[in-house]
Each structure stands twice: as structure tokens, then as C-alpha cells.
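Here is a friendly walk through one protein model, with an eye on its open spaces and its ligand. Take a look at the sequence and the coordinates, then read on.

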Amino acid sequence: MTTALIGTGTLGSVIARLLAAGGETLQLSSADHESARTLAAEIGPRAVVSGENRDALQGADAVVLALRFTILQGVIDEIAERLTGKLVVVPSNPLGIDAQGNVSRLLPKEQSSGAVLAGWLPAGARSAMAFGTLSADVLKSSSRRSPELAVLFYVTDDDRAGEKVERLIRTAGYEPVKAGGLQQSSRLEVGGDLHDLVVGTAEARSLTGGA
Ligand SMILES: NC(=O)c1ccc[n+]([C@@H]2O[C@H](COP(=O)([O-])OP(=O)(O)OC[C@H]3O[C@@H](n4cnc5c(N)ncnc54)[C@H](OP(=O)(O)O)[C@@H]3O)[C@@H](O)[C@H]2O)c1
């Protein structure tokens, strides 16, 4: 199947490689086309570069927005008319970095990034937050773990989105486990109890209580 991936930076390039290795066809887009072109050349025939962000969605079943949280809303507005019926996967942690290099959460403590994301998406888009629980290096090295696949947690409010994101997670070489609805996204982000956790299915299910 075909997935659009917007943002071919540190995390997006790892997600793209894992999905392509699992047989997914990719349509890549980035701010600077050069980074998308370089990545597509490295991946090979399974990846093509799109001229504009919205072009990447042409014929795609899903889109992964591997973007910094501060960029997300603008890109969603740009591609909104193409999102009806598509799965929108967001790995973004709601973090900002100041001029001194200090990292801080951009949202008030009680506000989940999933709920904010849901407010940005147009009606008809099917959203899930996934692929942002592990650092890019760990995501790469833990894929297709043997003898037992490692788990990638996701959250969604939409059962159909859940089925679709589970397929992508398996394609990337992980076992999917739902951690709850979008309101629970803070469990997945930096500082959350499920962040940076490489576990098998039994432990993951005990942590999520079979959400
Ligand atoms: N890095 C990690 O280990 C990691 C782990 C978990 C979650 N995350 C989350 O993943 C997200 C991305 O992180 P990252 O480290 O991959 O950041 P990054 O290396 O800065 O990559 C961001 C990408 O976004 C692209 N971009 C910026 N503006 C754009 C626009 N208007 N249209 C299309 N593409 C645009 C950039 O394009 P160019 O390449 O052309 O400049 C770049 O490829 C963040 O929200 C972060 O919280 C990251």
C-alpha cells in the first residue's frame, strides 16, 4: 500500500526506511526537497518525492506527519482538503526549545497533544498518535526484534484508524498495542510512562490494562 510521509528529518527518515523495508510504497515530502530526494535515492524504487506536501497524499491511504509540533498545524491546514478518509499518524512530542537549548512542553500540563491535534484536523480525517514513543535510534535498532517483536504503543479514538495504524506498525517491524484514546497521548510523549520503553506484548498489555 502507499503511505505519504511529510518530514524526512531525523525521525521521519527512520520511519520511512522501516516502512519501505516492510514493503510499503512511500511518497515523501519535506520543506527542503533535497532531504526528501536524498532519502528517496537511498531507499530505492519504493520511495518517490512529491513536489508539494499535498501532492504526497495523492493515491495514499495514510499520511505520517513527522514534523515538529510547532509546524504541525500549518501543514495540516495546507493538506486538509486531501485528508478525508485517510489515516493521519502523528509522532510529534509537544516540545519546544529556546535560544539557550532548554527543552520544555509547549502545552499546559493538563492538556493532551492528542486533543489539540484532534482540534486541528478536518472532519473525516482518521487520526492516531504513534511512532513518537522511541528515539529515532532506538526505533531503528529495535525493529524486527527477535525472537519476540518489540511493541509500539499508539493512541486513537477511532477504531478504523486503529486498524490502519496497526498495519503500519507491523509493516515497520513492531507489534502494536493501544494505550488508550487521544486524551491519553501524554503517556506516549517525553516524560510519559510509556515513552522510551522497549517491551514485549505481555508487559505492554499489563501496562495498558488492555486499553
Ligand atoms: N528525533 C527523534 O528521535 C524523535 C523521537 C520521537 C519523536 N520525535 C518527534 O518527531 C518530530 C520530528 O522530529 P525530528 O527529530 O525528526 O525533527 P527534524 O529532524 O527537525 O525533522 C523535521 C522535518 O520536518 C520538515 N519540515 C519542516 N517544515 C516543513 C513543512 N512546512 N513542510 C514539510 N516538511 C517540513 C523538515 O524538512 P527539511 O528536512 O527539508 O528541513 C524536516 O525534514 C518531532 O515532533 C519530535 O518530537 C522525534
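Where does the ligand sit? The ligand sits in the largest pocket. Keep in mind while reading that this is a predicted model.

**The pocket**

Let us begin with the space itself. The largest pocket holds about 950 Å³, and 37 residues line it. Nearest the centre of this pocket you will find L11, A66, L67, R68 and F69.

Which elements each supply at least two residues of this lining? They are α1 (10-21), α3 (69-79), β6 (95-97) and α5 (136-142). The largest share comes from α3, with 4 residues. Sorted by class, the lining of the largest pocket has 16 nonpolar, 17 polar and 4 charged residues.

**The ligand and its surroundings**

Now for the ligand. There are 24 residues around it, and L11, D32, L67, R68 and A136 come nearest. L11, L67 and R68 were also named above, among the residues nearest the centre of the largest pocket.

| Protein atom | Ligand atom | Distance |
|---|---|---|
| D32, polar backbone atom | oxygen | 2.6 Å |
| L67, backbone N or O atom | oxygen | 2.8 Å |
| N53, polar side-chain atom | nitrogen | 2.9 Å |

Which elements give two or more residues to the shell around the ligand? Those elements are α1 and α3. Here α3 gives the most, with 3 residues, and α3 also has the largest share of the pocket lining. By class, the shell around the ligand is made up of 11 nonpolar, 11 polar and 2 charged residues.

**A cavity elsewhere in the list**

Besides the pocket, how many cavities of 30 Å³ or more does the structure hold? The structure holds 1. About 80 Å³ of space lies in the largest cavity. Its lining counts 14 residues, and P91, S92, N93, M129 and L188 lie nearest the centre of the cavity. The lining of the largest cavity divides into 7 nonpolar, 6 polar and 1 charged residues.

R144 is not a glycine, yet its phi is positive, at about 55°. Further along, S146 and P147 are joined by a cis peptide bond, with omega at about 5°.

Definitions and conventions: Residues numbered from 1 in each chain as written. Predicted model: local features only at pLDDT ≥ 70, side-chain atom pairs only at ≥ 80, totals over all residues. Heavy atoms only, no water. 1 Å grid on protein atoms, 1.4 Å probe; cavity = no way out; pocket = protein on both sides within 12 Å on 5 of 7 lines; lining within 4 Å. Points joined across faces, edges and corners; volume = space filled by probe spheres on them. Nonpolar A, V, L, I, M, F, W, Y, C, P; charged D, E, K, R; others polar. Near = heavy atom within 4 Å. Polar contact = N/O pair within 3.5 Å; in protein donor to acceptor, adjacent residues only side chain to side chain. Sits in = over half its atoms within 2 Å of the grid points.
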